[in-house]
Amino acid sequence: MFKKTYYGANIAPACAYCLHGTPAADPKMILCKNKGVVSPYYCCRKFSYDPLMRVPRRQVLPNLDPKDFSLED
């Protein structure tokens, strides 16, 4: 049937967040069960998206004033 898309269809396939890939001792490489040692941006036919492997980007929070949290005027 239809494949369920996670986070929209804007995610490009990469071994960094593939079901078959695991991080290597070298942070710039991925150990693939099918292809061996590959680049994190490499993608093969066996690519299967694993949302738990994806590291989200860090968000910048706004600076808040303590007055914003007080009930007094």
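Me: In what order do the elements of the protein run from the N terminus on?
Reply: This is a predicted model. Its secondary structure comes to zero helices and three strands. From the N terminus on, the elements therefore read, with strands being DSSP runs, as β-β-β.

Me: What is the strand order in the open sheet?
Reply: The open sheet has three strands.

Me: Which strands are the edge strands?
Reply: An edge strand pairs on one side only. That holds for residues 21–23 and for residues 36–38. The edge strands are β1 and β3.

Me: By how many degrees are neighbouring strands of this sheet turned against each other on average?
Reply: Direction is ignored here. The average for neighbouring strands of the sheet is 35 degrees.

Me: How many bridges join β2 and β3?
Reply: Strand β2 covers residues 30–32. Its pairing with β3 is antiparallel. The number of bridges is three.

Me: Which residue in β3 is the bridge partner of Leu31?
Reply: Look along β3, residues 36–38. There, the partner of Leu31 is Val37.

Me: What percentage of the residues count as buried?
Reply: Buried means under 20% relative accessible area. The protein has 73 residues. The share that counts as buried is 16%.

Me: What share of the contacts with a separation of 6 or more comes from residues 24 or more positions apart?
Reply: Start with contacts in the protein at a separation of 6 or more. Then take those between residues 24 or more positions apart. They account for 54%.

Me: How much of the accessible surface belongs to carbon and sulfur atoms?
Reply: The accessible surface of the protein comes to about 7000 Å². The part belonging to carbon and sulfur atoms is 57%.

Methods:
Residues numbered from 1 in each chain as written. Predicted model: local features only at pLDDT ≥ 70, side-chain atom pairs only at ≥ 80, totals over all residues. Heavy atoms only, no water. Pairing = 2+ DSSP bridges. Helix = DSSP H or I, 4+ residues; strand = E, 2+ residues; numbered from the N terminus. Axes fitted to C-alpha atoms, helices over the stretch in contact; angles between N-to-C directions. Buried < 20%, exposed > 50% of the residue type's maximum accessible area, 1.4 Å probe, protein only. Contact = heavy atoms within 4.5 Å. Areas by Shrake-Rupley, 256 points an atom, 1.4 Å probe, with all protein chains shown as cover.
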